[in-house]
Amino acid sequence: MNYRLAITLLVGLAILISSALLVQTLPAQTKEETNESTQETVTSSSEYPGIDISTEITEQDTFKMAIHSPKVSYSSVNATFQEFIDAEKKAFRDELQQNLEFIPSPHWQSELYITFQTYQLTDTLYSFSFAVESNLAGANGNQKTKAFMIDLASGKLLTLEDLLVTTPEASQQLTEDVFKTLRTTEAYKDYLFKETFQEVEKTIFERGFVTQEGIGFKFNKYEVAAGAAGMPEVLVPLPETLVKDSWKESLTFMPNEEDEEVADAEPIEDPVEKQQPEPSRPEKKVALTFDDGPHPENTPAILQLLHDYNMKGTFFMLGSRIEYYPEIVKTIREQGHEIGNHTWNHKQLPSLSEANMKEEITSVDTLLESVIGEKASVFRPPYGATNDLVESVAGAPTVLWTIDTLDWKSHDPKAILASVENNLHPNAIILMHDIHTATVEGVELVLTYLQEQGYTSVPVSEVLGEE
Ligand code: NI
């Protein structure tokens, strides 16, 4: 998975956009919308100014769902993303409902994952490439893709038709480039279906998305190749001759800052060790743990509370969200809290191939190394779903929990407190989610209670093996 921003600069390919053109043609996806809709709140702490990431995780007896999507300050654009997501959710739920009687037991989990990759092209021009993956009770999975391009200056969704000339020669050239790449790619060449060229050519301008390295195309499973090829994806050069004149003038690809950042990141010295060479280990310890973040508002609020109560927590974070909020991760580490790996996309790991499992885990450690100069010191599998293979791939001790506050279900600070009150024990590992707003207030109640009871929250590594 090319999770990294494809900010590899195509030096010399200075294709420039004129913002005038951005308002010219409404792409198919936006229909008749005016894009004058109300502005939505987007935080300023995102790595991509003007875009937040929204994450929805659902865990039921019969299915698990993890859905990630970008959120911008244009509600009409967000509505377009949401429509796409809602349609996929509905299709999944309908299919699940129809097949419920054939599903052998609650242990046969169905899954729906919607993930996306972000490609920043200029200050305001972005491509998003979505992948929808689902399976019913472990049965052969569906895989679909969908691309969006957006100009944040105007709030317009774009397609290749906005950027390129759309003559029959152009669509043929582009499609030929795509198939040439498919035929020469080791992972796909033996699985390609015959006679899909014309079908692809018909929609070629609707499906491509521009990246810093060229035009990306992704195909649904079974669309151009047998299932063994999964979702084929190719990158073809952006043919300068096809770019509309008006775009050639103002699009300057952003310089590649990514490599410098990686080289610059140095480990953040452990502030706890530095201040207290021999920390006095409190008798009554617990470990507060926060999953599925970081979140641009809730995580800083929880950090403030932990600071106020002089306690430490552990943050099991998703790579997809660390990519958007690296500064928050730095702050977490600088304040002496523990960093946990919670995978990139929150998929149920035992369902994945070993290669995909590794990718979900190691991609987060690679990103953490570039952000804070070190890997995670602990690992928590999504949904607590683990097995021997997961543990061998994890690269850090696997940490589950002993008290589940069910904050994601109740969204009720008092219920969160009650679950701690009713179950508190020395060396407890308490599960919460900093992605939910109600959890912030719950944390304050829990911290007050812990303090009253003479308990201190410490990094989770300090209670491991004692819980
Ligand atoms: Ni989680």
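**Ground rules.** I number residues from 1 along each chain as its sequence is written, and side-chain values use heavy atoms, with hydrogens and water left out. Because the model is predicted, local features need pLDDT of at least 70 and side-chain atom pairs count only at pLDDT 80 or more, while totals for chains, interfaces and linings use all residues.

**Overall.** I found 18 helices and 16 strands in the chain; these are DSSP runs numbered from the N terminus (helices H or I, at least four residues; strands E, at least two). Of the 467 residues, 54% count as buried. For burial I used relative accessible area with a 1.4 Å probe on protein chains only: under 20% is buried, over 50% exposed, and in between partly exposed. I also looked up contacts (heavy atoms within 4.5 Å). Among those between residues at least 6 apart in sequence, 74% join residues at least 24 apart.

**Nickel site.** Which protein atoms are the donors of the nickel ion? I noted Asp-292 (OD), His-342 (NE2) and His-346 (NE2), at 2.1 to 2.2 Å from the ion. Donors here are N, O and S atoms within 2.8 Å of the metal (3.2 Å for Na, K and Ca), and water is not among the atoms, so sites may look incomplete. The spacing of the donor residues in sequence reads D-x49-H-x3-H. Asp-292 sits in the loop between strand 10 (285–291) and helix 11 (298–308), and His-342 in the loop between strand 12 (338–341) and helix 14 (354–372), so the pair ties together parts that are 50 residues apart in sequence. Both Asp-292 and His-342 are buried.

**Next to that aspartate.** A cis peptide bond links Gly-293 to Pro-294, with omega about 0°.

**Helix 11 and helix 13.** Their axes come within 10 Å and cross at roughly 15° (helix 13 is residues 326–334). I took axes as lines fitted to C-alpha atoms over the stretch in contact, with angles from 0 to 180 degrees between N-to-C directions. The two helices are therefore roughly parallel, a label for angles under 35 degrees. Thr-299, Pro-300 and Leu-303 of helix 11 meet Ile-328, Thr-331 and Ile-332 of helix 13. Thr-299 is buried, at 0% relative accessible area. Beyond four places in sequence, the contacts of Thr-299 include Pro-294 and Asp-434.

**Cores.** I looked for nonpolar cores, meaning sets of buried Ala, Val, Leu, Ile, Met, Phe, Trp, Tyr and Cys residues joined through side-chain atoms within 4.5 Å. The largest has 67 residues, with Phe-128 and Leu-288 making the most contacts inside it. Apart from it lies another core of 32 residues, including Leu-163 and Phe-209. Phe-81, in helix 2 (residues 75–99), is buried at 2% relative accessibility. Leaving out residues up to four places away, Phe-81 touches several residues, among them Phe-128, Phe-130 and Phe-148.

Is Glu-195 buried or exposed? Glu-195 is exposed, at 79% relative accessibility, and its phi is near 60° although it is not a glycine. Asn-310, in the loop between helix 11 and strand 11 (313–317), has a positive phi of about 55°. Asn-310 is exposed at 64% relative accessible area. I reminded myself that most residues other than glycine have a negative phi.

Conventions
Parallel < 35°, antiparallel > 145°, perpendicular 65-115°, else oblique.
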